[in-house]
Amino acid sequence: MNLKTTVYFLLIISLFSACSTDSESDASSTDNNNEVITEEMKDRNRKNVGDSANDLLANDKYKTTVFEIFYVKDYKPTDETVENFKSFVTERLNKSKGWEIRLEEITVPAKTAYTVDDIIAMENNLRTQYNTNDKIAVFGIYLDAKYAGNTENGSVLGIAYQNTSFAIFENTVKTFSNKPLAPSRTVLSTTVLNHEFGHLLGLVNVGSEMQTDHQDIAHGKHCDVDNCLMYWTAETGEGLLNSITGGQIPTLDPQCIADLKANGGK
Ligand SMILES: [Zn+2]
Ligand SMILES: [Zn+2]
């Protein structure tokens, strides 16, 4: 499902653990250099989902990635989710200088639901990391209330709404993980997170060209392989409860991986 021009809902997401001062990386970390960030520079991170797929995957222009993740107190991604996401990133991104994850707690006014406009406004206030030199920046936020566009049949767990931005409705993730026979919060959260990031990587057919025909056009930018991470049911809590069996986090099928490899990834 899409919202507005380029919002894909997916579910997913949870990222990193650690506290507000936490910062981890797998290689050399980037620093800020006190660079002045102009509006023109910020505009590079305000494009459509999929527009930075190649920049995120390949090592040509950007050699390192910084993930700046904000979370509302009590909605921090679990440590295990963060570890799972690190593995996913390490397996797919071709970055000679590695990546860095920064987690920061935020305080927000009480709200019952968030629209995309609400989230973009929060991002504009909070975000400090934008693409500079050889570093590409990704923004994520873990929210304490549901998505305003939820319907009777679809409780959105996460959305990818700009080329380097995603949001996770961790409150909704928690609600679904508490249902009888449901997968754990970490399994749901990791699935949503990896799925959302998969959209930022250009899946399916939204920035990473398909090497074989596997788009489920009826469901937008999704894969037609029903056990793939990019299958459409990963968009909502209802869908995930039905599709995740045995507590396993879905992975990318070979066709999705082929698309990423062809676009500079691994
Ligand atoms: Zn999706
Ligand atoms: Zn797939």
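A quick word on terms before the points: helices here are DSSP runs of H or I of at least four residues, strands are runs of E of at least two, and both are numbered from the N terminus. Please also keep in mind that this is a predicted model.

1. Let's start with the zinc ion (ligand 1). Its donors are His-195, His-199 and His-222, each through NE2, together with Glu-235 through OE, at 2.0 to 2.7 Å. The angles among these 4 donor atoms run from 89 to 131°, and the site is tetrahedral. As a reminder, the ideal value for four tetrahedral donors is 109.5 degrees.

2. If you want to find this site in the sequence, look for the spacing H-x3-H-x22-H-x12-E. His-195 is in helix 6, while Glu-235 is in the loop between helix 6 and helix 7; the pair links distant parts of the chain, 40 residues apart. His-195 is buried, at 0% relative accessibility, and Glu-235 is buried too, at 3%. Both fall in that class because buried means under 20% relative accessible area.

3. Next comes the zinc ion (ligand 2). Here the protein donors are the SG atoms of Cys-223, Cys-228 and Cys-256, plus an OD atom of Asp-253, at 1.9 to 2.3 Å from the ion. This site is also tetrahedral, with angles of 100 to 116° among its 4 donor atoms. Along the chain its donors follow the pattern C-x4-C-x24-D-x2-C.

4. Where do Cys-223 and Cys-256 lie? Cys-223 belongs to the loop between helix 6 (185–200) and helix 7 (237–243), and Cys-256 to helix 8 (residues 254–262), so the two tie together parts of the chain that are 33 residues apart in sequence. Cys-223 is buried, with a relative accessible area of 0%, and the value for Cys-256 is likewise 0%, again buried.

5. On to the charged side chains: how many salt bridges does a search of the whole structure find? The search gives 10. One of them joins Lys-42 to Glu-39, at 3.6 Å from N to O. Both residues are in helix 1 (residues 39–43), 3 residues apart, which is about one turn of the helix. Lys-42 counts as buried, at 17% relative accessible area. There is a network of salt bridges here as well, linking Glu-39, Lys-42, Asp-43 and Arg-46.

6. A second salt bridge to look at is that of Lys-97 with Asp-134, whose closest N and O atoms are 2.6 Å apart. Lys-97 is in the loop between helix 3 (79–92) and strand 5 (99–106), and Asp-134 is in the loop between helix 4 (116–126) and strand 7 (135–142), so this pair connects parts that are 37 residues apart in sequence. Lys-97 is partly exposed, at 37% relative accessible area, and Asp-134 is partly exposed at 21%.

7. Arg-185 and Glu-170 also form a salt bridge, with 2.6 Å between the closest N and O atoms. Arg-185 is in helix 6 and Glu-170 in helix 5 (residues 170–177), so the pair ties together parts that are 15 residues apart in sequence. Is Glu-170 buried or exposed? Glu-170 is buried, at 0% relative accessibility.

8. The axes of helix 5 and helix 6 are 9 Å apart and meet at an angle of about 135°. The two helices are therefore oblique to each other. Helix 5 passes helix 6 in a right-handed crossing.

9. Finally, a few backbone details are worth a look. Most residues other than glycine have a negative phi, and most peptide bonds are trans. The peptide bond from Leu-203 to Val-204 is cis, with omega near -10°, and Val-204 is in the loop between helix 6 and helix 7. Asn-205, in the loop between helix 6 and helix 7, is not a glycine but has a positive phi of about 65°. Asn-205 is partly exposed, at 32% relative accessible area.

10. One more backbone point concerns Asp-74, which has a positive phi of about 75° without being a glycine. Asp-74 is in the loop between strand 4 (64–72) and helix 3. At 53% relative accessibility, Asp-74 is exposed.

How values were computed: Residues are numbered from 1 along each chain as its sequence is written. Chains are lettered from A and ligands numbered from 1 in the order in which they are written. This is a predicted model: local features need pLDDT of at least 70, side-chain atom pairs count only at pLDDT 80 or more; totals for chains, interfaces and linings use all residues. Side-chain values use heavy atoms; hydrogens and water are left out. Donors are N, O and S atoms within 2.8 Å of the metal (3.2 Å for Na, K and Ca); water is not among the atoms, so sites may look incomplete. Four donors count as tetrahedral if all angles lie between 85 and 135 degrees; four count as square planar and six as octahedral if opposite donors are over 155 degrees apart and all others between 65 and 115; anything else is irregular. Buried means under 20% relative accessible area, exposed over 50%, partly exposed in between (1.4 Å probe, protein chains only). A salt bridge is a side-chain nitrogen of Lys or Arg within 4 Å of a carboxyl oxygen of Asp or Glu. Axes are lines fitted to C-alpha atoms, for helices over the stretch in contact, and angles run from 0 to 180 degrees between N-to-C directions. Angles under 35 degrees count as roughly parallel, over 145 as roughly antiparallel, 65 to 115 as roughly perpendicular and the rest as oblique. A crossing is left-handed if the near helix is turned anticlockwise from the far one by less than a right angle, and right-handed if clockwise.
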